There are 2 protein chains.
Amino acid sequence: MSKGLLVVVSAPSGGGKGTILKELFSRDSNLVFSVSATTRSPRPGEVHGKHYYFLSREEFQKLISEGKMLEHAEYCGNFYGTPKGPVEAWREEGKDVFLEIDVAGGAQIKRLVPDCVSIFILPPSMKVLEKRLRARGTEEEAVIEKRLLTARKEIPCAKDYDYIVFNDRLEDAAADLASILKAEKLKYTRNTDSIERVLNNAETFR
Amino acid sequence: MSKGLLVVVSAPSGGGKGTILKELFSRDSNLVFSVSATTRSPRPGEVHGKHYYFLSREEFQKLISEGKMLEHAEYCGNFYGTPKGPVEAWREEGKDVFLEIDVAGGAQIKRLVPDCVSIFILPPSMKVLEKRLRARGTEEEAVIEKRLLTARKEIPCAKDYDYIVFNDRLEDAAADLASILKAEKLKYTRNTDSIERVLNNAETFR
């Protein structure tokens with residue numbers, strides 16, 4: 001069994017990332033979401049190791065100083081981040097681990113985990129993005145305006161990602177993601193033992 | 001419309017490359033095979049520009065000296081090679097151009113066309129390869145032995161290719177190739193205009 005992928009997915013505000021990933025996950029049981037660590041207190045019903053890893057400030061800072069956090073940020077006085085350990089353990093099991101992260105985080109993770117696969121989900125156009133935000137009907141004009149302004153700033157970050165997926169049709173976007181995963185697993189750099197295996201008549205992969 | 005890919009495909013003797021490509025081409029009308037140039041004389045029924053570009057020795061050598069041959073080799077006193085011009089013209093039309101080449105040629109083309117996609121098709125194991133060669137029932141023992149020996153020398157060249165596809169089941173191998181083409185077209189480096197297009201509300205791609 002070959003090692004699973006670390007897949008970093010980012011999208012601008014309102015980019016529809018959640019819906020696409022839900023569709024993709026419904027097709028492939030080998031995918032898991034990474035679990036974040038946080039120093040904030042658990043809310044009722046939140047389970048350690050499932051919703052978050054709940055850590056003390058000391059524990060969290062120790063992981064940072066030991067280089068065991070893939071990324072982290074402080075928000076409203078609490079730390080949030082992605083511990084490397086569980087991600088690596090899943091990958092060793094052959095699971096593809098998905099990490100949803102803000103648009104500036106892709107380049108950061110690429111430096112720490114060069115073999116990660118980074119994907120930026122783009123709306124087909126600003127007009128379509130605006131239409132979608134309005135179609136929700138739940139947000140005030142000022143909020144929509146702010147989201148669009150944020151998206152304009154976030155979209156240029158796509159240049160630091162390996163792949164661009166357009167969120168035009170849900171099914172197509174999910175299929176694009178599936179093709180990226182499949183192709184990445186076929187890269188020679190992820191199959192450097194393949195030549196020896198063939199020559200030595202080892203078991204095949206599929 | 002985005003530019004088509006140049007796809008270099010190699011496989012060891014008896015690797016089943018032809019069958020896989022036939023299956024892939026039957027699924028996708030956007031694919032074309034590159035046409036080789038040769039200095040040998042046309043055989044009855046062979047059409048210039050379809051089976052080969054039939055060139056004089058002078059014409060052929062001019063293309064080489066001008067850097068207009070992607071690769072070339074001399075065989076039985078005649079030159080064979082792949083002219084760059086028609087490949088580029090097809091790619092500009094959005095066609096994905098396939099180039100079948102011997103296993104040592106992949107690295108050569110990668111240097112001349114860095115954005116090419118190179119794929120090495122491997123048999124699942126030497127045992128399977130041997131079984132397939134024998135199943136044809138058309139070749140003598142000495143020929144089979146020679147082919148296996150050649151394959152053993154050719155298979156290590158896979159390390160110079162971008163992707164490895166295992167020729168275990170025909171349908172799966174063809175699907176692997178299709179995923180590679182799709183994923184390659186989603187690379188940011190092949191979509192550097194996408195950010196501007198989204199921000200400026202240009203037409204979407206799909």
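**Entry 1: a pair of strands in chain A**

I began with A:V7, which stands opposite A:F98 in β7(A). This is a predicted model, in which local features need pLDDT of at least 70 and side-chain atom pairs count only at pLDDT 80 or more, while totals for chains, interfaces and linings use all residues. Residues are numbered from 1 along each chain as its sequence is written, with chains lettered from A and ligands numbered from 1 in the order in which they are written.

I then looked up the strands around that pair. Strand β1 (residues 6-10) of chain A runs parallel to strand β7 (residues 96-100) of chain A, and 4 bridges join them. For my notes, strands are DSSP runs of E with at least two residues, helices are runs of H or I with at least four, and both are numbered from the N terminus. Two strands pair if DSSP finds at least two bridges between them.

Strand β2 (residues 31-33) of chain A also pairs with β7(A), in the parallel sense and over 3 bridges. There I found A:L31 with A:D96 in β7(A) as its bridge partner.

**Entry 2: the hairpin and its neighbour**

Next I followed the antiparallel strands of chain A. Strand β5 (residues 69-75) of chain A and β6(A) pair in the antiparallel sense over 6 bridges, and A:E74 has A:F79 of β6(A) as its bridge partner. The hairpin of β5(A) and β6(A) has 2 residues between the strands, and A:C76 takes a positive phi near 50° in it.

Strand β3 (residues 37-38) of chain A pairs with strand β6 (residues 78-83) of chain A as well, antiparallel and over 2 bridges. I noted A:Y80 in β6(A) as the bridge partner of A:T38.

**Entry 3: the sheet in chain B**

Which order do the strands of the open sheet in chain B take? I read β2-β7-β1-β8-β9, 5 strands with parallel pairing. β2 (31-33) and β9 (163-166) of chain B stand at the edges with a single partner strand each, so one side of each is left without a neighbour in the sheet. From one strand to the next the twist averages 30°; such angles run from 0 to 180 degrees between N-to-C directions, and axes are lines fitted to C-alpha atoms, for helices over the stretch in contact.

Strand β8 (residues 117-122) of chain B pairs with β9(B) in the parallel sense over 4 bridges, and B:F120 has B:I164 as its bridge partner in β9(B). Helix α3 (residues 84-92) of chain B packs on the sheet and touches β1 (6-10), β2 and β7 (96-100) of chain B, its direction making about 150° with that of β7(B). Helix α4 (residues 105-112) of chain B lies across β1, β7 and β8 of chain B and runs at about 165° to β1(B).

**Entry 4: helix against helix in chain A**

I checked two helix pairs. Helix α1 (residues 17-27) of chain A packs against α7(A) at an angle of about 60°, with the axes 9 Å apart. α1(A) and α7(A) are therefore oblique to each other, a class for angles that are not under 35 degrees (roughly parallel), over 145 (roughly antiparallel) or 65 to 115 (roughly perpendicular). The crossing of α1(A) and α7(A) is right-handed, meaning that the near helix is turned clockwise from the far one by less than a right angle, with anticlockwise giving left-handed.

The contact includes A:I20 and A:L24 of α1(A) and A:A174 and A:L177 of α7(A); two residues are in contact if their C-beta atoms, placed from the backbone, lie within 7 Å. By class, the contact of α1(A) with α7(A) has 7 nonpolar, 1 polar and 2 charged residues. Here Ala, Val, Leu, Ile, Met, Phe, Trp, Tyr, Cys and Pro count as nonpolar, Asp, Glu, Lys and Arg as charged, and the others, Gly among them, as polar.

α5(A) packs with helix α6 (residues 141-154) of chain A at about 150°, their axes 10 Å apart.

**Entry 5: where the chains meet**

Chain A can be laid on chain B by a turn of 180° and a shift of 0.0 Å along the axis, with an RMSD of 0.0 Å; copies are superposed by least squares on the C-alpha atoms of residues with pLDDT of at least 70 in both. The two copies are thus related as by a two-fold rotation axis. Of the residues of chain A, A:S179 comes closest to the rotation axis, at 2.4 Å (C-alpha).
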